[in-house]
Each structure stands twice: as C-alpha cells, then as structure tokens.
Amino acid sequence: QICNQHNAEAPNLEQAFHRMAQTEPNLDHDISWFLLPSYWAKMLVALISFLCFANSYDGDFVFDDSEAIINNKDLRAETPLGDLWHHDFWGSKLSSNTSHKSYRPLTVLTFRINYLFAGGFYPVGFHVINILLHCTISVLMVDVFSILLGGLQFSNKGRRLNLAPKTSLLAALLFAVHPVHTECVAGIVGRADLLCALFFLLSFLGYCKAFRENKEGHHFSIFWVLVSVILGAIAMLCKEQGITILGLNAVFDALVINKLNVLELIQKLLHKDKSLENAGLLRKGLLFRITLLMSGGASILYIRWRIMGTGPPAFTEVDNPASFSDSLLVRAINYNYYYSLNAWLLLCPWWLCFDWSMGCIPLIKSISDWRIIALAALWFCLIGLICQALCSEDSHRRRILTLGLGFLIIPFLPASNLFFRVGFVIAERVIYLPSIGYCILFTYGFSLLSKQAKKKKILAVAVLGILLINVMRCALRSSQWRSEEQLFRSALSVCPLNAKVHYNVGKNLADKGNQSAAIKYYREAVRLNPKYVHAMNNLGNILKERNELQEAEELLSLAVQIQPDFAAAWMNLGIVQNSLRRFEEAEQSYWTAIKYRKKYPDCYYNLGRLYADLNRHIDALNAWRNATVLKPEHSLAWNNMIILLDNTGNLAQAEAVGREALELIPNDHSLMFSLANVLGKSQKYKESEALFLKAIKANPNAASYHGNLAVLYHRWGNLDLAKKHYEVSLKLDPMAPGTKENYNLLRRKLEQLQKKGG
C-alpha cells in the first residue's frame, strides 16, 4: 500500500511536464500587452536592443580599453597563442605580483581576432561585435524568460512551448533597453560580460533541453547536463561570474523540475522527518544531476585556482576602501550600502558613472549616518520577497520569486566582497547578469498589479513609457561612451568627490595640449585624494614643461615618498633635478627608477641625456644602447647616438649606428636626416642626397631638412639646387640658425661667378 500511495503522489517527470500549464496560473492572462508570434517577438527585441546602442558603433577606445586592448601584447600576431592561457585579462603574467588575476582568455582571443581582421587597432569592428552580442543575448532572453516565467513544457513532438509569450516579451524588452548595460555594450572591455552572459544563457537553455523526453523515455539526458557544465566553464573563461550558472541550474532543477517546497524541506530536515522522499528531494535523478553540476563546478574552480596560483590579487585602499577597514561592523554596513546602490541602479539607472571609486561613495563610519536608511529599505524589500518566496501558499508565486531572487543574487556573489576582496566599489558591468532577476521580479510585479487594476491599459502605457525612457537614456549614455572627453565629463556631476574622475578629465585635456585646464583638474584630484600619486606625477610633469621646477620637484618627491616603487615618478624627478643642474641627485633618481622597473627604455634614454650633458660620452652611448635593446623602435635614443658620434668625429661608427637604426625603423624621417648629415660629412654625397630627399618627402615642412640639404649641395657644388633649398628653408623658418648666413655666402659666390662669366 505504501508503494502504491507513493506512486500516486509522485507521478513521473514526463507527466509533470505536460500538466504544468494546466496546474499553474498563466501570467499572461491578466496583463494588457502585445501578443506576438515567437519569431516576431525576437525580431522586435533584436531591433530595439540594436537601436539603443547603435550610436556607439564608431566610438573610440576609451578608459580601460587602452590597457586591455591597445597596450595588450596578447592581441598581436607575434605573441604566441599559448600565452593567452598564462596571462590575465590585461596581458600580465598571472604569476606576477601586479596581476589582477582576472583570467578571461576566451575574451582576449575575440579581441585578438578583431585586431587581426581589422588589420590594426580600429575600434569600429570591436564596437560592432559588442552591439551584436547584446542583440543576440536579448533575443535569447525571450526563450529564457518564457521558461522562468511560464515554466518548462514540451509538446508531444518534443518542442518546447512558450507558456508566457506576453510576459517573456516584456521581460526581454526590459533587459534589452536597460541603461545600466551601456558600459558592457559601448565599452569594448565589456565584451567579457557579454560573452559570459551568452554562454551563461546557453548553459541554462542546454540544461533545460536535458528534460525533453527522448525516444527511450528516459527522465533526462546526461549528455545535455554535461553540455551545460561545459558551457558554464566556457562562460567562466570569458568572465569569472559565468561559473554561477551551475548553481542556478541546480536551483531551477529543484524548483521547476522537481517542484520542491523549500520551506517544507527545511522543516523536514530540522525535524529529521523520514518522509523526505515525499518532499521530492530524492526523486529520480535530482541528486545525481546536482552531483554532476557541483562536481563539474568544483573541478572548474580547482583548475582555475591552479592556473591563477594561490596568491590573491593585490588591490589598494582607493579601489575598495571598505574592504580595508579594521572594523567588521564598518565593512558589513558599507558592503550592504553598496548592495543597496546596485539595487537602486537597477530600479533607477539615471546616475551612471564609469568609475565609482576614490571617494565617490564616502564610507559610512557611524550608524547615525542617514544613508543607513538605504540599507534598511534594501533588507525590508529582500526579507519581504524572501518570505513570499518561502511561505506563500501559491506555488507559482514561490517558484517565480525564488527564481527571480536567485538570478538577482547568485550571479552577483563574486562581486559582493563576501568571498574575496574585489577591486571596485560599484561596477555597472557586473549588474549585467543580475539584471535578469530584476526583470523577472519587475514583470511579475506588473502582472500582479494588472490583475488588481481596473484600467489595465493605463498600466501598460506606463510600462511602455518606462521602456521608451530607458531607450532614450541608453542612446544618450552610449553617445557619452563614444569619446573619453564626454565620458569623463559626464561623471563630474555624478561623482564630484571622485579624484579619479578629475584625474581623467585632466589627463584628457593634457593629451589635447590644454595644460592650463589640465592643471586645475589635477590639483582638484590631489586635493580630494592627497595620496593620489599618479595625479601628482602628471601634474609634476606639466609643471616641469612650464619650467615651474620647484613645485614640480615637491610633488614628485612626495609621490615617491608615498609610493617608493613608483618608477615613472622617480624618472620624472630625475628629469626635474637634471634641469635644476643637480646632476648627482638626478643620476640617483634614474637608477632608482631602473631598480624598480628593470625594463625601462625611456629612463635609460634620459640617463643618457644626463651623461651627455656631463660629457660622459661612453656612459651616454651605453645608456642609449640599453634603451634601444629594450625598445628597438626607440627613435630618440638612436638619433642621439648618431648625433653624439657625429659631433665627436666618429663618423664611421655614426654611419654604422644610423644604418642599424634604419633597418629597424625604415620609415623614420628623423633617422634619415641624421644619417644623411653623417654621409654628407663623409663625402658620400649621392647617398646623402637620396636620404635627405626621402626625409623631406616624409616631412616636407621641416626647415632644417631643406637647410642641411642645401649645405650638402653647397659643398657638392650644385649651387642652384643649394639656393633653391636655402630659400625653401628660410620661407619655412626665417630665423633658422645658420641658414641665412649660408644663403648670403652662396649668393655672394653666385654673384662672383656671374661677374667672372660676364
């Protein structure tokens, strides 16, 4: 009897699948929304998601794109493909102390393919791929939401049915047009989140396929469970969050496939109830599938840990100040405040910023801080949702709320600071996956309101208004991501206390030559963060160029005092000390820079200039030679070697160095010019002339090029050509040193020749 009773209460899984639509309420029944065929719904989602971010297609490389793409040697053909598996996302060795341990080789591989197909660093191709990825993900969301909101059911022919076409379309549209996704789509570095999301969703859909009834009548397919694990691993190789899909698949299996009542299960476990089988925990295959998922996840994490090494990434206090607090209470309060801000960005994505660190969000140090209200509001809402998810008598509500909370919280866990310190306060990109949970909860809330509302069309118009506002916000935010100037300036009103925002605005202005404005922003960055060594270094550089050497030295000295291993600041301090004619101190600063950065060609170049000023010619040549060994394309070092050897009468050696340099940098006109001067002095006029003409062709407005070619012709006896190039040189630069005197000498000589001829 017991066996018969058990079988009656637990029908096989296939029957459960086919009865799901009849046993659970349909969300679509009460909402006033578009009902479109699946194909047209997906086309609509693809079109709208494309329109939101299309204007970012021709944007520049901005912010982190420089380090992850332009300065990343892993993108270039000369770097072996195998190196991608031993380097982090930024191209540093994972074993390095400076590595962020962000292991995303598949994302870097797509960057490399972009680079190879484009033939260089042209951002259009990179942006187009990001936009298409977001469109693809948004389309997949139609299927994902139809399962999460409507349940999993297959037809007799094994085709999955969409039981919630209206609500799945609404949720997919909410996801497609959410402005918080702009960083992932318009910022090329966001490719990691997009690829991770793509394989994350494919893993989920693959897991759902495991429950399609096969010809043998088996309960599930082990093949598709394993495919889901593999796709989860691929998602993690795109970005670390991807591994969380395995946990979500387990949650989905328990709630949707096996219809577990979590509260009932907990109560039975606490009371050691022997009827756990009736609760569904031991239904055929559930524990086996969860074991497969968990063992697969553990294996993936172990391999990832072995590749990464045991050392955690090194972050500084300015990256994540709360994590450096000694007080556990302060850490807990601020972490929860960060969670509330992330939730607010999902609810009201109006204030968006490329960086939320460096004082953008001041620490909460006391419970009297009014911002504690945000924590209370967050937990009030979460506890309410959790209670409904666990205790509601409506199984449909329990399932949707639990899935919504699961997709909201579980993908966010790697960024929560709970398991390890992360290198940011808030990062909009990490909300890409958790926004799935937000869209589930929003859509379910809309369906509940529609059920109660008498005027459903007004509610539908309000939701349409939200979608339209989000579309416009996406377009506006995408345009801000098109250039660094717009991006950085857009952050000034959102995070005026963020020193990094002011630093980046200043750097952008300095790169454009507006030093006066740059100084203002650098000073503000240093004021907001008195330990901001990079701002001190850049400000010191500008002051050095403006010959304000005293303040420049003070800033750079403070920078190296705060961060003794800051090699760039040591080098710049050496340049200032050299300008102040404190040569011994300058030499010591240069060698300190080289101590902390062994491969530092620019520092060797500046050290060579110091030795040249001190007439230590051998030391100067050795320093410049070191610079060219470390950086063979270091044109200035090659030029200085040629000029020094030329000036000291070592013409043969100067010629040899010049030819060596041109073999390495064949199109450098300054090297052609320097070698042409040497060849002219060696009376190799024909070869010298060819190099001068080639240099002039590359840079026709250089007065010195025409002037020195004129000197060559003057020596060679080609007086008419000499006269022509003297005149061109004087036209380009009337104050060119020596040219006017040489031209006057030539004119007198030509006049004398005319008199003799007459």
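1. The lining of the second largest cavity divides by class into four nonpolar and three polar residues, with no charged residue among them. Those lining residues are Leu 36, Ser 38, Ala 41, Val 142, Asn 162, Pro 165 and Ser 168, and the elements that contribute two or more residues to this lining are α3 (38–53) and α7 (165–176). The space in the second largest cavity comes to about 30 Å³. Please keep in mind, here and below, that this is a predicted model.

2. The count of cavities of 30 Å³ or more comes to two, and the largest cavity holds about 60 Å³ of space. Its lining is made up of 13 residues, and Tyr 338, Asn 342, Phe 412, Ala 415 and Val 425 are the ones that lie nearest the centre of the largest cavity. By class, ten residues of the lining of the largest cavity are nonpolar and three are polar, while no charged residue takes part.

3. Turning to the pockets, the second largest pocket contains about 1,100 Å³ of space and has a lining of 39 residues, with Ala 343, Leu 378, Cys 381, Leu 382 and Leu 408 lying nearest its centre. Two or more residues of this lining come from each of α14 (328–347), α15 (372–391), α16 (395–409) and α17 (435–452), and α14 gives the most, with 13 residues. The lining of the second largest pocket has 31 nonpolar residues, beside which there are six polar and two charged ones.

4. The protein chain is divided into domain 1 (210–311), domain 2 (321–453) and domain 3 (498–583). Between domain 2 and domain 3 the C-alpha centres are 39 Å apart, and the contact takes eight residues from domain 2 and seven residues from domain 3. The area buried between these two domains is about 530 Å², and carbon and sulfur atoms give 63% of it.

5. On charged pairs in general, side chains of opposite charge can pair when their charged atoms come close. The structure as a whole holds 27 salt bridges, and one of them is formed by the side chains of Arg 429 and Glu 183, with an N to O distance of 3.0 Å. Because Arg 429 lies in the loop between α16 and α17, whereas Glu 183 belongs to helix α8 (residues 182–186), this pair ties together parts that are 246 residues apart in sequence.

Key:
Residues numbered from 1 in each chain as written. Predicted model: local features only at pLDDT ≥ 70, side-chain atom pairs only at ≥ 80, totals over all residues. Heavy atoms only, no water. 1 Å grid on protein atoms, 1.4 Å probe; cavity = no way out; pocket = protein on both sides within 12 Å on 5 of 7 lines; lining within 4 Å. Points joined across faces, edges and corners; volume = space filled by probe spheres on them. Helix = DSSP H or I, 4+ residues; strand = E, 2+ residues; numbered from the N terminus. Nonpolar A, V, L, I, M, F, W, Y, C, P; charged D, E, K, R; others polar. Domains from an automatic or database assignment. Contact = heavy atoms within 4.5 Å. Buried area = accessible area lost by both parts, 1.4 Å probe. Salt bridge = Lys/Arg side-chain N within 4 Å of Asp/Glu carboxyl O.
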